[in-house]
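Here are a few friendly notes to read alongside the model. Take them in order, with the structure open beside you.

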Amino acid sequence: METFASFKVGGQKIYGMVHLPEPDLTGTPRPQHGFAGVVILHGFTGNRGGDHRLLPLLSRYLAERGIASLRFDFRGSGESEGDFSEMTVSREVEDAVAMVEYFKDLPEIDPERVMLLGFSMGGLVAALTAPQVRPHRLALWAPALPELWLKMLPGGFVPPAIMDQGGWPIGREFFLEMPRLNPLKAAGQFGGQARVFHGDADKTCPPEYGVRYAEALGCDCIAIPNGTHTFESLESTETLYKATAAFLLGE
């Protein structure tokens, strides 16, 4: 079952999609205390659809295995309100915290088994969010590090106003905040069950990033063979989904 979700953060509407398992179709009875579920965080300039439908197909894959999920657009991205020029990692952390609380309050969800999954910059956001919301499990896909965006600055200087990055207006505060962020430190403060998944052919966020996150989290880093940053093959996507579902199910 798939239903739209909407509520406000900072006076701006966020739009998302809730996916719930259908026990009659999965053969899995509805748990007495609600379904385990995962909040999914998309990446930089992305949205809740993901590249080549990566995220909705993940939600449906998980629903077939008894795991609920919530995908949403950060403020300024996708269909949510706000302008992308206002986007900062801190704002996205605020959105993620609000979405986790929203998801926990749904009657179909077991609030003790709400998990968090972040892709790319969403992985960075998830690492910063985890110590605040204490997810049941934390999964990071190809997580990014602040240094990725600092390399974008011409001559190392922060632009005086808006930077036009391929038609995306990136605000000055986004770059000013980056050196102050320490997602690896936050990951080390999490202390819960975690796993990192990183494509071994990722040219955007090097696999080294995934290893650094795994070391901070004290968990495994699963290499996805031939996986690019967005897992651009049917084989790598299937491997990613299967490994992710196994972790979220505690297998």
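1. Please keep in mind that the model is predicted. Leu-248 has a relative accessibility of 5%, and because buried means under 20%, Leu-248 counts as buried.

2. What does Leu-248 touch, leaving aside residues up to four places away in sequence? Its partners are Val-38, Leu-62, Ile-67, Met-115 and Arg-137. Another residue to look for is Leu-138: Leu-248 and Leu-138 are 110 residues apart in sequence, yet their C-alpha atoms are 8.4 Å apart in space.

3. Helix α2 (residues 54–63) packs with helix α9 (residues 234–248) at an angle of about 45 degrees, and their axes are 11 Å apart. The two helices are therefore oblique to each other, and the crossing of α2 and α9 is right-handed. On the α2 side, the contact is made by Leu-54, Leu-57, Leu-58, Tyr-61 and Leu-62. On the α9 side, Thr-237, Glu-238, Tyr-241, Lys-242, Ala-245 and Leu-248 take part. By type, the residues of this contact are eight nonpolar, one polar and two charged.

4. Now turn to a second pair, helix α3 (residues 89–104) and helix α4 (residues 121–133). Their axes come within 9 Å and cross at roughly 60 degrees. Here too the helices, α3 and α4, are oblique to each other, and their crossing is right-handed.

5. Which residues of α3 and α4 meet? From α3 come Val-89, Glu-92, Val-93, Ala-96, Val-97, Val-100 and Lys-104. Facing them in α4 are Met-121, Leu-124, Val-125, Leu-128, Thr-129, Gln-132 and Val-133. The residues of this contact divide into 10 nonpolar, two polar and two charged.

6. Stepping back to the whole protein, you can find nine helices and 10 strands. The radius of gyration is 17 Å, close to the 18 Å that the globule rule gives for 251 residues, so the protein is as compact as a globular protein of that length. Along the principal axes, the C-alpha atoms fill a box of roughly 60 × 40 × 35 Å.

7. Of the 251 residues, 53% are buried. Among contacts between residues at least 6 apart in sequence, 70% join residues at least 24 apart.

Definitions and conventions
Residues are numbered from 1 along each chain as its sequence is written. This is a predicted model: local features need pLDDT of at least 70, side-chain atom pairs count only at pLDDT 80 or more; totals for chains, interfaces and linings use all residues. Side-chain values use heavy atoms; hydrogens and water are left out. Axes are lines fitted to C-alpha atoms, for helices over the stretch in contact, and angles run from 0 to 180 degrees between N-to-C directions. Helices (H or I, at least four residues) and strands (E, at least two) are DSSP runs, numbered from the N terminus. Angles under 35 degrees count as roughly parallel, over 145 as roughly antiparallel, 65 to 115 as roughly perpendicular and the rest as oblique. A crossing is left-handed if the near helix is turned anticlockwise from the far one by less than a right angle, and right-handed if clockwise. Contact means heavy atoms within 4.5 Å. Ala, Val, Leu, Ile, Met, Phe, Trp, Tyr, Cys and Pro count as nonpolar, Asp, Glu, Lys and Arg as charged, and the others, Gly among them, as polar. The radius of gyration is taken over C-alpha atoms; the globule rule is 2.2 Å times the number of residues to the power 0.38. Buried means under 20% relative accessible area, exposed over 50%, partly exposed in between (1.4 Å probe, protein chains only).
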